[in-house]
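Work through the exercises below with the sequence and the model at hand, and try each task before you read its solution.

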Amino acid sequence: MAPITIYTDGSSRGNPGPGGFGVVLMFGGHTKEIAAGYRLTTNNRMELMAVIKGLEALKKNHHPLIIYSDSQYVVKAINEGWLNHWITTDFKGGKKNNDLWMKYHTLSKQFSITIKWVKGHADNPYNNRCDELATMAADGKNLLVDVGYEKPL
């Protein structure tokens, strides 16, 4: 069965600062782009949010997924077992972004996922497009509240 391919990227203008994510989903000749901006967040949160939003956009879970991210934080946490350790120890030691990691963990159980690192700001047009989407979203108007990071006004 052919995999669904998902490219993801996150951006933060300042860290913390306004941020955004961009996602490109591809399957069977179809492409879908997703992006959103947040008024106060971090780069790592947006990198992870991109992966989550990509998974949430899927209507079916029987296709294998290949997710590409330029975030070593995201890729290593998943592939090297950091996330499983953080969950086992209840994110002891001040590990950050547990709200998003737990959301990812719950979603990921529904899919067969392979996550791969791709060099950012290089020659991959899909990663570059995700970067464009993420930075445009971070620079946009009517930014959302990242409720896991900041409390709403």
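Two exercises follow, each with a worked solution.

The model is predicted, so local features need pLDDT of at least 70, side-chain atom pairs count only at pLDDT 80 or more, and totals for chains, interfaces and linings use all residues. Residues are numbered from 1 along each chain as its sequence is written, and side-chain values use heavy atoms, with hydrogens and water left out.

**Exercise 1.** Describe how helix α1 (residues 43-56) and helix α4 (residues 98-108) cross.

*Solution.* Begin with the axes, which are lines fitted to C-alpha atoms over the stretch in contact: those of α1 and α4 come within 10 Å and cross at roughly 25 degrees. Because angles under 35 degrees count as roughly parallel, α1 is roughly parallel to α4. Next, list the residues in contact (heavy atoms within 4.5 Å): α1 contributes Arg45, Leu48, Met49, Val51, Ile52, Leu55 and Glu56, while α4 contributes Asp99, Leu100, Trp101, Lys103, Tyr104 and Leu107. Finally, sort the residues of this contact, which gives nine nonpolar, no polar and four charged, where Asp, Glu, Lys and Arg count as charged.

**Exercise 2.** Is Arg45 buried or exposed, and which residue's side chain does the side chain of Arg45 join in a polar contact?

*Solution.* Arg45, a residue of helix α1, has a relative accessible area of 2% and is therefore buried, since buried means under 20% and exposed over 50% (1.4 Å probe, protein chains only). The side chains of Arg45 and Asp146 are then found to be joined by a polar contact of 2.7 Å, a term for a pair of N or O atoms within 3.5 Å, one able to donate a hydrogen and the other to accept it.

Notes
Axes are lines fitted to C-alpha atoms, for helices over the stretch in contact, and angles run from 0 to 180 degrees between N-to-C directions. Helices (H or I, at least four residues) and strands (E, at least two) are DSSP runs, numbered from the N terminus. Angles under 35 degrees count as roughly parallel, over 145 as roughly antiparallel, 65 to 115 as roughly perpendicular and the rest as oblique.
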